[in-house]
Amino acid sequence: MADLFSAVWDVLSTETAYTAAARFAVVLAFVAAGEWIAERAGTLNISVEGMLLAGAFSAAMGYHLTGSVAAGLVFGMAGGGVVATVQAEMSHRLTADQFVVGLTLNILVLGVVGFLHSELKPSTRTASVVEIPVLADIPLIGPALFAQPWPFYLIYLVVPLLGWLLHRTRWGLEVRSVGESPQAADVSGIDVNRRRRQAILVAGLASGLGGGYLLLGQVGRFEPGIVAGRGFIALVAVIFGGWTLRGALAGCLLFGSVLSFRLTLPGLGYKLNNEMLSSLPFLVTIIAMALFAHVVRQPAALARPFIRGLK
């Protein structure tokens, strides 16, 4: 037990642990912020894994073709948006089962991306690091929050923008209403399925941007397994946070810290079972689901398809 506390203390006092936690958490935060909007509209959008992967590959192609990190991020958003459009049209225009569509898209994107990567082999790199003066000098957390590759800082714009969009605009009010009572929203003249499709598209754009950041702001080289379940972890973060933006971000920080803990321990000289360390983020995810899935209030119409005239 003493060794465990010693290991935890060493991690908490190591600057690299905070830097890694911030990088992991930001990838999750891009996805979770978009997924939060989709779920508040009543869609349990499990295709976020495919959106994230499509975003990463599209960003790789964008950078390969243009040599620009910014263009790569735009391509990444477009890639996530394409997957989101298919999910939205199938689930909320053709009323196909959203779970089946999501699972199918995740598998389809993995296969398509694997094939295209083997054929095209895009070359990429990581974006340049930008340090914010003074703030980057704060002990421990300064480099983690203010000395990162420049795409990292987009999270400081995206999260407030999506929060404002859902809570401070008429569109956001309508999205929340279709997630709580689609029949009442329909009577009020709101096109329920259109709002749900739009919310999924927002989730796709945010997830695609997260995939672009994962590649160009963190990893630097594309591989088909680059996402490694992060989309599903972000989805759990939304549930963990009780379908609030603040709570979802807290979940992202928790899971990002666990991922950082897994990678930091070996670097400090601690020798633990590799399989156990690899499973740690998913173990924490399962525990979080078990503890919080039934004690928080979800949107009343979450995962319920809307067909006019049917209750």
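Colleague: Why is A136 called buried?

Modeller: This is a predicted model, in which local features need pLDDT of at least 70 and side-chain atom pairs count only at pLDDT 80 or more, while totals for chains, interfaces and linings use all residues. Residues are numbered from 1 along each chain as its sequence is written, and side-chain values use heavy atoms, with hydrogens and water left out. The relative accessible area of A136 is 10%. Buried means under 20%, exposed over 50% and partly exposed in between, with a 1.4 Å probe and protein chains only; A136 is therefore buried.

Colleague: Where is A136 placed, and which residues does A136 touch?

Modeller: A136 is in the loop between β1 (129-131) and α6 (141-146). Helices (H or I, at least four residues) and strands (E, at least two) are DSSP runs, numbered from the N terminus. Leaving aside residues up to four places away in sequence, A136 touches E131, G142, P143, F146 and A147, where contact means heavy atoms within 4.5 Å. F146 is 10 residues from A136 in sequence, and their C-alpha atoms are 4.9 Å apart.

Colleague: What makes E174 and R195 a salt bridge?

Modeller: The closest N and O atoms of E174 and R195 are 2.6 Å apart. A salt bridge is a side-chain nitrogen of Lys or Arg within 4 Å of a carboxyl oxygen of Asp or Glu, so this pair qualifies. The pair links distant parts of the chain, with E174 in helix α8 and R195 in helix α10 (residues 192-219), 21 residues apart. Helix α8 covers residues 170-180. E174 also touches I190.

Colleague: Are E174 and R195 buried or exposed?

Modeller: E174 has a relative accessible area of 10%, so E174 is buried. R195 is buried as well, with a value of 17%.

Colleague: How many salt bridges are there by this rule, and which residues form a network of them?

Modeller: The count comes to six, and E89, R93 and R197 are linked in a network. D191 and R194 form another of these pairs, their closest N and O atoms being 3.8 Å apart. D191 is partly exposed at 35% relative accessibility, and R194 is partly exposed at 44%. E223 pairs with R221, the closest N and O atoms being 3.4 Å apart; E223 is partly exposed at 35%, whereas R221 is exposed at 60%.

Colleague: How do you know that V82 is exposed?

Modeller: V82 has a relative accessible area of 53%, so V82 lies over the limit of 50% and is exposed. V82 is found in helix α4 (residues 69-92).

Colleague: What makes V82, V86, M90 and L94 a patch?

Modeller: They form a nonpolar surface patch with about 340 Å² of accessible area together. Patches are made of residues with over 30% relative accessible area and no salt bridge, like charges being joined within 9 Å and nonpolar side chains (Val, Leu, Ile, Met, Phe, Trp, Tyr) within 5 Å. Accessible areas come from the Shrake-Rupley method with a 1.4 Å probe; for residues, only the protein chains shown count as cover.

Colleague: How does helix α3 meet α4?

Modeller: The axes of α3 (residues 48-66) and α4 come within 6 Å and cross at roughly 145 degrees. Axes are lines fitted to C-alpha atoms, for helices over the stretch in contact, and angles run from 0 to 180 degrees between N-to-C directions. Among the residues that meet are G50, A54 and S58 in α3, and G72, G76 and G80 in α4.

Colleague: What makes helix α11 mostly covered?

Modeller: In α11 (residues 230-240), 10 of its 11 residues are buried, including R230, L235 and F240. After α11 comes G242, with a positive phi near 65 degrees.

Colleague: Which residues other than glycine have a positive phi?

Modeller: K121, with a phi of about 45 degrees, and W243, with a phi near 60 degrees, are among them. K121 is in the loop between α5 (98-120) and β1, and its relative accessible area of 58% makes K121 exposed. W243 lies in the loop between α11 and α12 (245-267) and is buried, with a value of 4%.
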